[in-house]
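Please look over the sequence and the structure below before reading the report that follows.

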Amino acid sequence: MNYIPVMGLEIHAELLTKSKVFCSCENSFGGEENTRVCPVCCGMPGSLPSLNKNVTVLAVKAGLAVNCTINEYSAFDRKNYFYPDLPKAYQITQFEYPICENGFIRLKSGKKIRIERIHIEEDAGKLIHDGDTSLADYNRCGVPLIEIVTCPDFASADEVCEFAENIALRLKYSNVCDARMEQGSLRVDVNISLMPENSDKLGTRAEIKNLNSTKAIRRAIEYEILRQSDILAKGEKVIQETRRFDDNTGTTKSLRSKENADDYRYFPEPDIPPVIITQSEIEQIKQTMPEMPDKRLLRYTDTYGLPYDDAMLIISDKALSDFYDKTVQIYSNCKGISNLILVELLRCTKETGISTADMKITPSQLAEIVKMSDDGEISKNSAKELVSMVFSSGKNPRELAKECGFIMSSDTAAVTACIKEVLSCEQKNVQDYKNGSTRIFGYLMGQVMQRLGKGANPKIVKELLENELK
Ligand code: ZN
Ligand code: MN
């Protein structure tokens with residue numbers, strides 16, 4: 001029998017707030033163990049949580065970024081379970097009344113992936129396993145999270161990976177989460193089951209937890225499809241369970257049999273009042289949202305005429321995309337600007353390790369360089385060199401171009417004199433050229449260009465050289 005994989009995702013994203021969700025401990029990554037903890041996030045008796053308002057704002061932004069309805073009323077619940085990384089023995093989350101519902105994202109193919117809900121919750125700590133001992137680091141306890149839950153709308157690893165990248169980009173654009181999968185600020189759980197072809201009855205699913213790269217997502221899904229179809233082929237039953245992906249072996253292993261909602265004894269959190277958001281507050285937050293990457297992509301490809309891959313490259317870095325937008329507002333050669341960015345500017349960032357957010361070159365400087373090149377004031381090669389010089393110095397491009405002799409001379413008399421000089425030294429080559437070896441032209445041209453230096457205008461040199469050789 002043939003099976004179709006059916007998948008849904010649960011994505012945990014750490015929010016970019018200064019402090020944790022229910023206390024004033026700093027929310028940051030790394031650092032010494034157990035240095036950002038207090039009675040509230042460690043669940044000491046007598047401590048009381050109070051909700052960080054900015055968490056609500058970021059959760060609303062996340063909802064708006066993926067076309068959700070924002071609920072005016074949402075509330076917190078306790079999810080009870082014991083694990084050493086959770087000293088309170090319950091997680092504060094939103095079960096009955098999540099903050100956002102009914103969103104969606106469209107894939108490149110046009111397929112709509114529905115988002116069931118987004119809820120706010122707190123993160124748990126981290127266990128560090130070292131030989132026979134396990135140590136607990138509670139710095140991550142109480143770090144604000146949103147959990148994005150999709151409907152089981154995915155049918156392939158490609159769709160899942162595209163969606164994960166798309167979500168990550170939207171969260172980065174809206175400044176909700178830095179979406180660094182390798183650091184765990186964005187973690188993807190995949191629920192996967194196999195359904196017989198021509199059936200609409202879902203099979204039993206396995207949940208693969210905490211995948212931390214798109215590569216891991218892809219490998220885990222591929223392995224799980226094989227594992228489950230093997231079980232079904234033998235006439236056996238897939239067990240509902242939580243599994244962990246092992247990066248070294250490319251396989252998944254059972255962690256625990258999957259609990260149902262009842263097992264967690266969810267009940268309303270008595271210490272935190274419900275979250276009430278008004279329409280006008282939602283409207284205010286909406287005003288702060290940037291244009292989402294899919295809209296930018298359309299603008300770049302349809303209005304600016306950029307090739308899809310070029311547009312994608314620029315959009316995948318919000319700082320770069322903002323830089324590009326400002327540059328084309330100043331000077332409208334969209335393609336010329338994009339080319340110089342992709343060829344030269346990205347080479348500079350790569351070589352120096354300076355990020356596009358921190359580079360010295362400004363949009364108006366890049367615009368000026370492209371314009372000078374378009375106007376024939378400097379050559380294309382000089383334009384590239386200028387980009388790299390302004391990138392590292394931040395100096396005025398026109399001044400630099402003058403200092404370096406990049407401004408092309410239109411003094412034809414000087415060019416003709418130089419050509420005559422070169423031709424008199426290259427009599428044999430000139431003769432060969434006249435006898436039909438046309439490729440010698442390039443060599444002669446090179447000789448003249450070399451003597452004239454960077455201020456030589458190749459178009460003028462070519463014309464005059466052709467004349468002289470006639
Ligand atoms: Zn704390
Ligand atoms: Mn969760």
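## The zinc site

Which arrangement do the 4 donor atoms around the zinc ion (ligand 1) form? They subtend angles of 103 to 113 degrees, which makes the arrangement tetrahedral (for four donors, all angles between 85 and 135 degrees). The protein donors, meaning N, O and S atoms within 2.8 Å of the metal (3.2 Å for Na, K and Ca), are C23 (SG), C25 (SG), C38 (SG) and C41 (SG), and they lie 2.3 Å from the zinc ion.

Along the chain these donors follow the spacing C-x1-C-x12-C-x2-C. C25 and C41 both lie in the loop between β1 (3–14) and α1 (53–65), so the pair ties together parts that are 16 residues apart in sequence. C25 is buried at a relative accessible area of 10%, and C41 is buried at 4% (buried means under 20%, exposed over 50%, and partly exposed in between, with a 1.4 Å probe and protein chains only).

## How the model was read

This is a predicted model, in which local features need pLDDT of at least 70 and side-chain atom pairs count only at pLDDT 80 or more, while totals for chains, interfaces and linings use all residues. Residues are numbered from 1 along each chain as its sequence is written, chains are lettered from A and ligands numbered from 1 in the order in which they are written, and side-chain values use heavy atoms, with hydrogens and water left out.

## Salt bridges

The count comes to 34 salt bridges, each a side-chain nitrogen of Lys or Arg within 4 Å of a carboxyl oxygen of Asp or Glu. One of them joins the side chains of E159 and K111 (2.9 Å, N to O).

Definitions and conventions. Tetrahedral: all angles 85-135°; square planar, octahedral: opposite > 155°, others 65-115°. Helix = DSSP H or I, 4+ residues; strand = E, 2+ residues; numbered from the N terminus.
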